[in-house]
Amino acid sequence: MPEGDTIFRTARALGRALAGKPVTGFRSTYPLLTRFDDDTPFAGQTVDAVESRGKWLLIHFSGGGTLATHMLMSGSWHIYRPGERWQQPRVNMRIVVENSDYIAVGFRVPVAKMFKPQELARALKIPPSAIDVLSEDFNAAEVERQLLAHGSEEIADVLLHQEVMAGVGNVFKSEVCFVTGIHPFRKVATLGLNQVRALIAASQKLVAANVLEDSGDTIVTYGGRKRRTTHESDPGASLWVYGRNGEPCRRCGDPIRRRIQGPGARVTFWCPRCQPMPDGTDVDG
Ligand SMILES: [Zn+2]
C-alpha cells in the first residue's frame, strides 16, 4: 500500500497538471462515476485543487463535486502528455481526467467515489485534516487523545490506524518506532505520555521529510549511506530497520528482528537492544 508521502506526492503532481484548468474530457469504467458525469458533466468544469487526505486522493471540481480515490495495494495515478505512450495497458485504466495539456490516468484504482461538499464532510473514512501528519491543520493533541484510546493494542499496529493518525504506512511504522527507541509490540497503555508525543512528532517529521521536492520516490529515514546520483539496489539501504532482518543495527550492531504483527498480519522490524521491552523480555518468533 502506498504510504501517505506517496499519495501526497501524487496529489502535488496531479495538482500541477490539473488545477486551475478546464477539464476537456472524462472517462471511467465505473458506472457510478460515468453516471455522475452524465448528470453533471466534468468537461467544462475546472479542477479547483487536488489534495491528499491520509491515503485518499481528492480531486475537487468547480461544480462542487469531489472525486475521492483510494489506491489500496494496486492503484496508481499517472500523468501523460497527449499522445504519450501509457506505461500500463489500457485494460488497467479506471479513470481519465483530461485537459488541453495533460491526461491524468487512474490505473487499477480500486476505490473511487464522487462526493458532494456536504457528503465529503460526513464521509467517515476520509480522515479529517487535523489527524493527517502532512496537513498544516495537524493537531497533535487530538491525535494523542485518539492514540491513547487504543491502550490495549500494540503501538506499531495503532500507528497504522488511519482513523487515529493518517499518513503512516507499514514502512514508516517500523522506522518511527526505531527512532523513538520504542519496541513496536508494546501496548499503548504501557507508554509514557512523553513517548506517545515523541512517536507522534517522529511520524510527522519522517513522513514530512519524504515529501520534500528533491526527496525522490524512495523512502529515506537513514541518511548515512544516502547516495544522490545512483540508485540503491537494496531497498533497505535508506532505512533504519525496515527490510533489514538479520542485518546489524545501524546504531548498536545487534541483528535487526522481523515479525508479523497485528490483525492485518503486517511485517514489523525492530532492534531488540535499541528498542527494549520495559521488562527486558522480547517477543518470540
Ligand atoms: Zn540497535
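## Gln 261 and its neighbours

Set aside the residues up to four places away in sequence, and Gln 261 touches Glu 154, Ala 156, Asp 157, Lys 173, Pro 184, Phe 185, Arg 266 and Thr 268. Keep in mind as you look around that this is a predicted model. Gln 261 sits in strand S9, and its relative accessible area is 2%, so it counts as buried, the cut-off being under 20%.

One of those neighbours deserves a second look. The side chains of Gln 261 and Glu 154 are joined by a polar contact of 3.0 Å.

## The zinc site

Now let's turn to the metal. Which residues coordinate the zinc ion? They are Cys 249, Cys 252, Cys 271 and Cys 274, each through its SG atom, at 2.2 to 2.4 Å. Along the sequence, these donor residues follow the spacing C-x2-C-x18-C-x2-C. Cys 249 and Cys 274 link distant parts of the chain, as they are 25 residues apart. Cys 249 is in the loop between helix H7 (193-209) and strand S9 (257-261), while Cys 274 is in the segment after strand S10 (266-270).

Why is the arrangement around the zinc ion called tetrahedral? The four donor atoms subtend angles of 99 to 115°, and the tetrahedral label requires all angles to lie between 85 and 135 degrees. For reference, the ideal angle for four tetrahedral donors is 109.5 degrees.

Cys 252, at 24%, counts as partly exposed, and so does Cys 274, at 22%. And how many disulfides are there? The count comes to zero.

## Helix H1

Helix H1 covers residues 4-18, which is 15 residues. At 1.5 Å a residue it should span 21 Å, and its end C-alpha atoms are 21 Å apart, so the two values agree.

Several H1 residues are buried, among them Ile 7, Ala 11, Leu 14 and Leu 18. The buried list also includes Asp 5 and Arg 9. Just after H1 comes Gly 20, with a positive phi of about 80°.

## Thr 66 in strand S4

Next up is Thr 66, which belongs to strand S4 (residues 66-70). Is Thr 66 buried or exposed? Its relative accessibility is 4%, so it counts as buried.

Leaving out residues up to four places away in sequence, Thr 66 touches Leu 58, Ile 59, His 60, Lys 113, Met 114, Phe 115 and Leu 120. With His 60 there is also a polar contact: the two side chains are joined at 2.7 Å.

## Val 176 in helix H6

Last stop: Val 176, found in helix H6 (residues 170-179). Val 176 has 0% relative accessibility, which means it counts as buried. What does Val 176 contact, apart from its neighbours within four places in sequence? Its partners are Leu 159, Leu 199, Ala 202, Ser 203 and Leu 206.

Gln 146 gives you another distance to check in the model. Val 176 and Gln 146 are 30 residues apart in sequence, and their C-alpha atoms are 18 Å apart in space.

Methods
Residues numbered from 1 in each chain as written. Predicted model: local features only at pLDDT ≥ 70, side-chain atom pairs only at ≥ 80, totals over all residues. Heavy atoms only, no water. Helix = DSSP H or I, 4+ residues; strand = E, 2+ residues; numbered from the N terminus. Buried < 20%, exposed > 50% of the residue type's maximum accessible area, 1.4 Å probe, protein only. Polar contact = N/O pair within 3.5 Å; in protein donor to acceptor, adjacent residues only side chain to side chain. Contact = heavy atoms within 4.5 Å. Donors = N, O, S within 2.8 Å, 3.2 Å for Na, K, Ca; no water. Tetrahedral: all angles 85-135°; square planar, octahedral: opposite > 155°, others 65-115°. Disulfide = S-S within 2.5 Å. Expected span 1.5 Å × (residues − 1).
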